[in-house]
Amino acid sequence: MEEKTLIIIKPDGVKRHLVGRIISRFEERMLTIEAMRYGMLTKETAKAHYAHLADKPFFQDIIDYMTSGPVVFIVLKGENAIEMVRKMIGSTNALEAAPGTIRGDFATNKSQNVIHASDCAAAADVEIKRFFSKAQLATAKHSS
Ligand code: ADP
């Protein structure tokens with residue numbers, strides 16, 4: 001089934017100049033870039049994005065990290081894109097992420113782990129709308 005998923009190359013990924021290498025991996029797997037935007041998360045959007053972790057002791061650290069520098073937001077489209085991308089990014093904890101996955105190759109700890117990807121269809125839907133306006137998504141459609 002064709003799906004769309006939302007990727008964020010996190011501030012450490014951008015600072016470490018990994019943007020091109022990460023995008024290459026998705027293109028190599030024939031995932032299509034539907035929309036892409038370079039920008040900052042506001043504290044408010046970061047809190048909404050990680051609301052499921054609001055009761056964790058490290059919540060404020062995640063918000064500070066995610067708003068510490070620019071990120072790249074990407075909507076990817078493809079067959080079973082959600083599961084494929086989750087497999088490609090690897091486990092949350094760098095130590096558990098398999099070599100060959102993005103986190104397994106580039107991340108060094110559990111919090112600053114280079115990349116975010118939606119974990120299910122419902123989340124993808126909400127996250128795509130959170131970070132891209134209707135106009136930005138429509139423009140992508142016309143040009144593809
Ligand atoms: P994922 O990003 O793999 O979907 P979660 O939704 O559980 O995982 O966590 C969101 C983000 O919060 C992680 O990617 C990581 O940046 C941070 N995080 C998760 N667990 C921890 C932890 N135990 N300590 C510090 N940061 C964490």
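**View 1. Arg 86 and the ligand.** In this predicted model, the side chain of Arg 86 puts an N or O atom 3.0 Å from an oxygen atom of the ligand. Take the ligand by itself and it exposes 540 Å², of which the protein buries 81%.

**View 2. Lys 10 and Thr 92 at ligand oxygens.** Here we zoom in on two more side chains. Thr 92 has a polar side-chain atom 2.6 Å from an oxygen atom of the ligand. For Lys 10, a polar side-chain atom sits 2.9 Å from an oxygen atom of the ligand.

**View 3. The shell around the ligand.** So who else is in the neighbourhood? Besides Lys 10, Arg 86 and Thr 92, the residues around the ligand include Tyr 50, His 52, Leu 53, Phe 58 and Ile 62. Sorted by class, the shell splits into four nonpolar, four polar and four charged residues.

View 4. The ligand sits in the largest pocket. That pocket has a volume of about 570 Å³. It's lined by 25 residues, and the ones closest to its centre are Lys 10, Tyr 50, His 52, Leu 53 and Thr 92. Three elements, α4 (59–66), β4 (115–117) and α7 (121–131), each give two or more residues to the lining.

**View 5. What the pocket lining is made of.** How many residues of each class does the lining of the largest pocket have? The tally is nine nonpolar, eight polar and eight charged.

Definitions and conventions
Residues numbered from 1 in each chain as written. Predicted model: local features only at pLDDT ≥ 70, side-chain atom pairs only at ≥ 80, totals over all residues. Heavy atoms only, no water. Near = heavy atom within 4 Å. Polar contact = N/O pair within 3.5 Å; in protein donor to acceptor, adjacent residues only side chain to side chain. Areas by Shrake-Rupley, 256 points an atom, 1.4 Å probe, with all protein chains shown as cover. 1 Å grid on protein atoms, 1.4 Å probe; cavity = no way out; pocket = protein on both sides within 12 Å on 5 of 7 lines; lining within 4 Å. Sits in = over half its atoms within 2 Å of the grid points. Nonpolar A, V, L, I, M, F, W, Y, C, P; charged D, E, K, R; others polar. Points joined across faces, edges and corners; volume = space filled by probe spheres on them. Helix = DSSP H or I, 4+ residues; strand = E, 2+ residues; numbered from the N terminus.
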